[in-house]
Amino acid sequence: MNPRKNQLPSSYRDPAGFVFEENGIVYRQVNQSYRLHYDHLIASGLYEKLTSQKLLIAHEEITDTENKEAYKILKPDRIPFISQPDNWCHSQLRDAAILTLRIQKISLQYGMTLKDATPKNIQFIGCRPVFIDTLSFEKIDAEKPWVAYRQFCESFLAPLAISHYSRIPTNRILQGWPTGIGLKTTRKILPLNSYFNIDITLNIHLQSAIIKNGKR
(Lines give C-alpha, C1' and ligand atoms only; values in the text may rest on other atoms or scores of the structure.)
Protein backbone atom coordinates (compact mmCIF):
# COMPACT_ATOMS: atom_id res chain seq x y z
CA MET A 1 0.00 0.00 0.00
CA ASN A 2 1.46 3.33 -1.13
CA PRO A 3 -0.87 6.06 0.25
CA ARG A 4 1.17 9.04 -0.93
CA LYS A 5 1.08 7.82 -4.51
CA ASN A 6 -2.71 7.62 -4.50
CA GLN A 7 -3.44 10.65 -2.30
CA LEU A 8 -6.53 12.60 -3.33
CA PRO A 9 -5.79 16.28 -4.15
CA SER A 10 -8.66 17.49 -1.95
CA SER A 11 -6.88 16.37 1.25
CA TYR A 12 -3.40 17.87 0.84
CA ARG A 13 -3.85 20.68 3.38
CA ASP A 14 -4.50 18.66 6.56
CA PRO A 15 -1.27 17.82 8.47
CA ALA A 16 -3.20 15.26 10.56
CA GLY A 17 -3.59 12.89 7.61
CA PHE A 18 -5.12 12.49 4.18
CA VAL A 19 -7.50 10.49 2.03
CA PHE A 20 -6.26 8.15 -0.69
CA GLU A 21 -7.72 5.54 -3.00
CA GLU A 22 -6.42 2.11 -3.90
CA ASN A 23 -8.15 -0.47 -6.08
CA GLY A 24 -11.33 1.57 -5.98
CA ILE A 25 -11.42 1.65 -2.16
CA VAL A 26 -11.11 4.90 -0.20
CA TYR A 27 -8.81 4.97 2.85
CA ARG A 28 -7.74 7.65 5.30
CA GLN A 29 -4.21 7.83 6.71
CA VAL A 30 -3.79 9.08 10.27
CA ASN A 31 -0.38 10.68 10.61
CA GLN A 32 1.82 10.24 13.68
CA SER A 33 1.32 13.95 14.49
CA TYR A 34 -2.38 13.31 15.11
CA ARG A 35 -1.80 10.28 17.34
CA LEU A 36 -2.81 11.85 20.69
CA HIS A 37 -6.01 13.33 19.29
CA TYR A 38 -7.01 10.10 17.53
CA ASP A 39 -6.33 7.98 20.62
CA HIS A 40 -8.47 10.32 22.73
CA LEU A 41 -11.29 10.18 20.17
CA ILE A 42 -11.36 6.40 20.48
CA ALA A 43 -10.53 5.93 24.17
CA SER A 44 -12.89 8.64 25.44
CA GLY A 45 -15.91 6.94 23.92
CA LEU A 46 -16.70 9.87 21.61
CA TYR A 47 -16.17 7.82 18.45
CA GLU A 48 -18.52 5.11 19.70
CA LYS A 49 -21.09 7.70 20.78
CA LEU A 50 -21.14 9.45 17.41
CA THR A 51 -21.05 6.34 15.23
CA SER A 52 -23.75 4.57 17.28
CA GLN A 53 -26.03 7.55 16.62
CA LYS A 54 -25.00 7.57 12.93
CA LEU A 55 -23.63 11.09 13.22
CA LEU A 56 -20.06 10.14 12.23
CA ILE A 57 -19.03 7.70 9.51
CA ALA A 58 -17.69 4.47 11.01
CA HIS A 59 -14.37 2.98 9.96
CA GLU A 60 -12.22 -0.13 10.17
CA GLU A 61 -8.56 0.08 11.18
CA ILE A 62 -6.19 -1.52 8.66
CA THR A 63 -2.76 -2.80 9.62
CA ASP A 64 -0.02 -1.01 7.70
CA THR A 65 3.60 -1.74 8.70
CA GLU A 66 5.36 -0.33 5.60
CA ASN A 67 4.50 3.33 6.04
CA LYS A 68 6.44 4.95 8.90
CA GLU A 69 4.56 8.24 8.58
CA ALA A 70 1.24 6.55 9.29
CA TYR A 71 -0.07 5.93 12.78
CA LYS A 72 -3.23 4.27 11.48
CA ILE A 73 -4.82 3.46 8.14
CA LEU A 74 -8.61 3.69 8.26
CA LYS A 75 -11.13 2.19 5.89
CA PRO A 76 -14.31 4.26 6.28
CA ASP A 77 -17.73 2.83 5.47
CA ARG A 78 -18.55 3.59 1.87
CA ILE A 79 -20.80 6.53 1.04
CA PRO A 80 -23.22 5.51 -1.75
CA PHE A 81 -23.23 8.91 -3.44
CA ILE A 82 -20.79 11.83 -3.06
CA SER A 83 -22.28 15.31 -3.36
CA GLN A 84 -20.86 18.81 -3.10
CA PRO A 85 -22.35 21.61 -0.97
CA ASP A 86 -23.02 23.73 -4.06
CA ASN A 87 -25.43 20.99 -5.18
CA TRP A 88 -27.44 21.11 -1.96
CA CYS A 89 -30.75 22.82 -1.36
CA HIS A 90 -31.38 25.21 1.55
CA SER A 91 -32.69 22.51 3.88
CA GLN A 92 -29.67 20.27 3.26
CA LEU A 93 -27.23 23.05 4.16
CA ARG A 94 -29.34 23.82 7.23
CA ASP A 95 -29.32 20.14 8.29
CA ALA A 96 -25.55 20.00 7.77
CA ALA A 97 -25.15 23.09 9.96
CA ILE A 98 -27.30 21.58 12.70
CA LEU A 99 -25.30 18.34 12.55
CA THR A 100 -22.04 20.27 12.90
CA LEU A 101 -23.30 22.09 16.00
CA ARG A 102 -24.71 18.87 17.46
CA ILE A 103 -21.38 17.09 17.04
CA GLN A 104 -19.50 20.05 18.54
CA LYS A 105 -21.81 20.03 21.58
CA ILE A 106 -21.36 16.29 22.12
CA SER A 107 -17.58 16.51 21.59
CA LEU A 108 -17.23 19.06 24.41
CA GLN A 109 -18.63 16.48 26.84
CA TYR A 110 -15.73 14.18 25.92
CA GLY A 111 -12.97 16.80 26.09
CA MET A 112 -12.76 17.34 22.35
CA THR A 113 -13.71 20.01 19.81
CA LEU A 114 -14.01 20.37 16.04
CA LYS A 115 -10.98 22.17 14.62
CA ASP A 116 -12.85 23.07 11.43
CA ALA A 117 -16.49 23.55 10.44
CA THR A 118 -16.99 23.30 6.71
CA PRO A 119 -19.85 21.72 4.73
CA LYS A 120 -17.23 19.63 2.94
CA ASN A 121 -16.95 17.52 6.12
CA ILE A 122 -20.48 16.25 5.59
CA GLN A 123 -22.17 13.91 3.14
CA PHE A 124 -25.72 12.64 2.85
CA ILE A 125 -26.88 9.05 3.04
CA GLY A 126 -30.35 9.39 1.64
CA CYS A 127 -31.76 12.42 3.44
CA ARG A 128 -29.55 11.93 6.52
CA PRO A 129 -26.39 14.04 6.93
CA VAL A 130 -23.31 12.29 8.31
CA PHE A 131 -19.93 13.71 9.34
CA ILE A 132 -17.09 12.11 7.36
CA ASP A 133 -13.87 13.78 8.57
CA THR A 134 -12.55 11.66 11.45
CA LEU A 135 -9.48 13.90 11.74
CA SER A 136 -11.48 17.07 12.47
CA PHE A 137 -11.54 16.27 16.20
CA GLU A 138 -8.87 17.51 18.57
CA LYS A 139 -8.39 17.62 22.32
CA ILE A 140 -9.88 20.78 23.73
CA ASP A 141 -7.82 23.66 25.09
CA ALA A 142 -9.91 25.22 27.85
CA GLU A 143 -8.15 28.57 27.40
CA LYS A 144 -9.18 28.92 23.75
CA PRO A 145 -12.60 29.63 22.21
CA TRP A 146 -13.99 27.38 19.49
CA VAL A 147 -11.38 27.77 16.75
CA ALA A 148 -13.87 26.86 14.00
CA TYR A 149 -16.55 29.35 15.08
CA ARG A 150 -15.80 31.97 12.43
CA GLN A 151 -15.55 29.31 9.72
CA PHE A 152 -18.94 27.96 10.78
CA CYS A 153 -20.47 31.44 10.48
CA GLU A 154 -18.92 32.04 7.06
CA SER A 155 -19.60 28.57 5.63
CA PHE A 156 -23.05 27.85 7.06
CA LEU A 157 -24.76 30.79 8.71
CA ALA A 158 -23.83 33.44 6.12
CA PRO A 159 -25.13 31.60 3.01
CA LEU A 160 -28.25 30.46 4.88
CA ALA A 161 -28.98 34.03 6.00
CA ILE A 162 -28.41 35.51 2.54
CA SER A 163 -30.59 32.84 0.96
CA HIS A 164 -33.35 33.47 3.50
CA TYR A 165 -33.51 37.22 2.92
CA SER A 166 -32.74 37.34 -0.81
CA ARG A 167 -34.54 34.15 -1.86
CA ILE A 168 -31.45 33.17 -3.85
CA PRO A 169 -30.94 29.36 -3.66
CA THR A 170 -28.06 28.34 -1.38
CA ASN A 171 -26.45 26.24 -4.11
CA ARG A 172 -26.09 29.34 -6.30
CA ILE A 173 -24.61 31.27 -3.39
CA LEU A 174 -22.09 28.51 -2.67
CA GLN A 175 -21.14 28.33 -6.33
CA GLY A 176 -20.00 31.95 -6.02
CA TRP A 177 -18.38 31.50 -2.59
CA PRO A 178 -17.31 27.83 -2.35
CA THR A 179 -15.14 28.37 0.76
CA GLY A 180 -17.59 30.56 2.66
CA ILE A 181 -18.64 34.20 2.62
CA GLY A 182 -16.67 36.79 4.58
CA LEU A 183 -18.70 38.34 7.37
CA LYS A 184 -18.02 41.89 6.18
CA THR A 185 -19.41 40.96 2.77
CA THR A 186 -22.38 39.21 4.35
CA ARG A 187 -23.12 42.24 6.50
CA LYS A 188 -23.26 44.46 3.40
CA ILE A 189 -25.57 42.06 1.55
CA LEU A 190 -28.10 41.48 4.34
CA PRO A 191 -31.01 43.96 4.62
CA LEU A 192 -31.59 46.21 7.63
CA ASN A 193 -34.43 44.07 8.95
CA SER A 194 -31.93 41.22 9.50
CA TYR A 195 -30.81 43.14 12.62
CA PHE A 196 -34.11 42.12 14.23
CA ASN A 197 -32.89 38.51 14.19
CA ILE A 198 -30.81 38.15 17.36
CA ASP A 199 -28.80 35.18 16.05
CA ILE A 200 -27.77 37.00 12.87
CA THR A 201 -27.03 40.19 14.78
CA LEU A 202 -24.74 38.42 17.26
CA ASN A 203 -23.04 35.99 14.92
CA ILE A 204 -22.74 38.07 11.74
CA HIS A 205 -23.29 41.81 12.27
CA LEU A 206 -21.59 42.11 15.65
CA GLN A 207 -18.77 39.74 14.77
CA SER A 208 -18.19 41.64 11.52
CA ALA A 209 -17.99 44.92 13.46
CA ILE A 210 -15.44 43.44 15.87
CA ILE A 211 -13.29 42.26 12.95
CA LYS A 212 -13.61 45.68 11.31
CA ASN A 213 -12.41 47.39 14.48
CA GLY A 214 -9.35 45.19 14.58
CA LYS A 215 -10.26 43.44 17.81
CA ARG A 216 -10.19 40.05 16.21
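**Pocket, cavity and fold**

Analyst: Helix H3 (90-109), helix H4 (149-166) and helix H7 (198-212) each contribute at least two residues to the lining of the second largest pocket. Helices (H or I, at least four residues) and strands (E, at least two) are DSSP runs, numbered from the N terminus. The model is predicted: local features need pLDDT of at least 70, side-chain atom pairs count only at pLDDT 80 or more, and totals for chains, interfaces and linings use all residues. Residues are numbered from 1 along each chain as its sequence is written, and side-chain values use heavy atoms, with hydrogens and water left out.

User: Which helix gives the most to the lining of the second largest pocket?

Analyst: On a 1 Å grid over the protein atoms alone, a pocket is an open set of points with protein on both sides within 12 Å along at least five of seven lines, a cavity is a set where a 1.4 Å probe fits but cannot get out, and lining residues have an atom within 4 Å of a point. The second largest pocket holds about 280 Å³ of space. Of its 15 lining residues, the closest to the centre are Leu 157, Leu 160, Asn 197, Asp 199 and Ile 200. With eight residues, the helix that gives the most is H4.

User: What is the volume of the largest cavity?

Analyst: A volume is the space filled by probe spheres set on the grid points, which are joined across faces, edges and corners. The lining of the largest cavity consists of Arg 28, Ile 57, Ala 58, His 59, Leu 74, Pro 76, Ile 132 and Thr 134. The volume of this cavity is about 30 Å³.

User: How many disulfides does the count come to?

Analyst: A disulfide is a pair of cysteine sulfur atoms within 2.5 Å. By this rule the count is zero disulfides. Cys 89 is in no disulfide, and the nearest cysteine sulfur, that of Cys 127, lies 9.0 Å away.

User: Is Cys 153 buried or exposed?

Analyst: Buried means under 20% relative accessible area, exposed over 50%, and partly exposed in between (1.4 Å probe, protein chains only). Cys 89, at 38% relative accessibility, counts as partly exposed. Cys 153 has a relative accessible area of 1%, so Cys 153 is buried.

User: What percentage of the 216 residues in the chain is buried?

Analyst: The chain has seven helices and eight strands. Its C-alpha trace spans about 60 × 40 × 30 Å along the principal axes. Buried residues account for 44%.
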